[in-house]
Amino acid sequence: MSDLPDNIEVKNKDWVVGNDPAKTSYCSPWVLATVKHDTVAGPQGYLTDEFTREIVQQSVGYLNGDVNSKP
């Protein structure tokens, strides 16, 4: 479990490729950054479009100041 309540757990159904079943992954929708392709080393995997849309919607809620925005 994450100590940050707004973290969204990445569940098995959310993975297209990847996942380490020994570790729980989380996504923090309030963390927005530009990632340069050449800085990515050892990517963990790829997530479904549905999960990605949920994170984008949550991120927009943070940008709009509405942290209670839910999909």
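**Reading a predicted chain through its contacts**

Modeller: Among contacts in the protein chain between residues at least 6 apart in sequence, 60% join residues at least 24 apart. The model is a predicted one.

Colleague: Which elements does the protein chain contain, and in what order do they run from the N terminus?

Modeller: The protein chain has four strands and one helix. From the N terminus on, the order is β-β-β-β-α.

Colleague: What makes Lys13 and Asp14 a salt bridge?

Modeller: The closest N and O atoms of Lys13 and Asp14 are 3.2 Å apart. The cut-off between a side-chain nitrogen of Lys and a carboxyl oxygen of Asp is 4 Å, so the pair qualifies. Side chains of opposite charge can pair when their charged atoms come close. The search of the whole structure finds one salt bridge.

Colleague: How do you know whether Lys13 is buried or exposed?

Modeller: Lys13 has 64% relative accessibility, and the threshold for exposed is over 50%, so Lys13 counts as exposed.

Colleague: And on what ground is Asp14 classed as buried or exposed?

Modeller: Asp14 has a relative accessible area of 6%. Buried means under 20%, and therefore Asp14 is buried. Across the protein chain, buried residues make up 23% of the 71 residues.

Colleague: Which residues form the largest nonpolar core?

Modeller: The core has six residues, namely Ile8, Val10, Trp15, Cys27, Phe51 and Ile55. Strand 1 (8-10) and helix 1 (49-64) are the elements that give two or more residues to this core.

Colleague: What does Phe51 touch, leaving aside its neighbours within four places in sequence?

Modeller: Phe51 is in contact with Ile8, Val10 and Cys27, and also with Glu9 and Asp14. Ile8, Val10 and Cys27 are likewise listed in the core.

Colleague: Why are Trp30 and Tyr62 called a tilted aromatic pair?

Modeller: The search of the whole structure finds one aromatic pair. In this pair, Trp30 and Tyr62 are 5.9 Å apart centre to centre, with 55 degrees between the planes. Trp30 lies in the loop between strand 3 and strand 4 and Tyr62 in helix 1, so the pair ties together parts that are 32 residues apart in sequence.

Colleague: How is the accessibility of Trp30 classed, and on what value?

Modeller: Trp30 has 33% relative accessibility, which falls between 20% and 50%, so Trp30 counts as partly exposed. Tyr62, with 21%, is also partly exposed.

Colleague: Which residues form a nonpolar patch on the surface?

Modeller: Leu4, Trp30 and Val31 form this patch, and together they have about 270 Å² of accessible area. The protein chain exposes about 5600 Å², of which carbon and sulfur atoms supply 53%.

Colleague: What makes the phi of Asn19 worth noting?

Modeller: Asn19 has a positive phi of about 95 degrees although it is not a glycine. Asn19 is found in the loop between strand 2 and strand 3. Its relative accessibility of 25% lies between 20% and 50%, so Asn19 counts as partly exposed.

Colleague: Where is Asp20 found?

Modeller: Asp20 is found in the loop between strand 2 (15-18) and strand 3. The C-alpha atoms of Asp20 and Gly45 are separated by 9.3 Å, while the two residues are 25 residues apart along the chain.

Terms used: Residues numbered from 1 in each chain as written. Predicted model: local features only at pLDDT ≥ 70, side-chain atom pairs only at ≥ 80, totals over all residues. Heavy atoms only, no water. Buried < 20%, exposed > 50% of the residue type's maximum accessible area, 1.4 Å probe, protein only. Core = buried A, V, L, I, M, F, W, Y, C linked by side-chain atoms within 4.5 Å. Contact = heavy atoms within 4.5 Å. Patch = residues over 30% accessible without salt bridge, like charges linked within 9 Å, V, L, I, M, F, W, Y side chains within 5 Å. Areas by Shrake-Rupley, 256 points an atom, 1.4 Å probe, with all protein chains shown as cover. Phe/Tyr/Trp six-rings, centres within 6.5 Å; stacked < 30°, edge-to-face > 60°.
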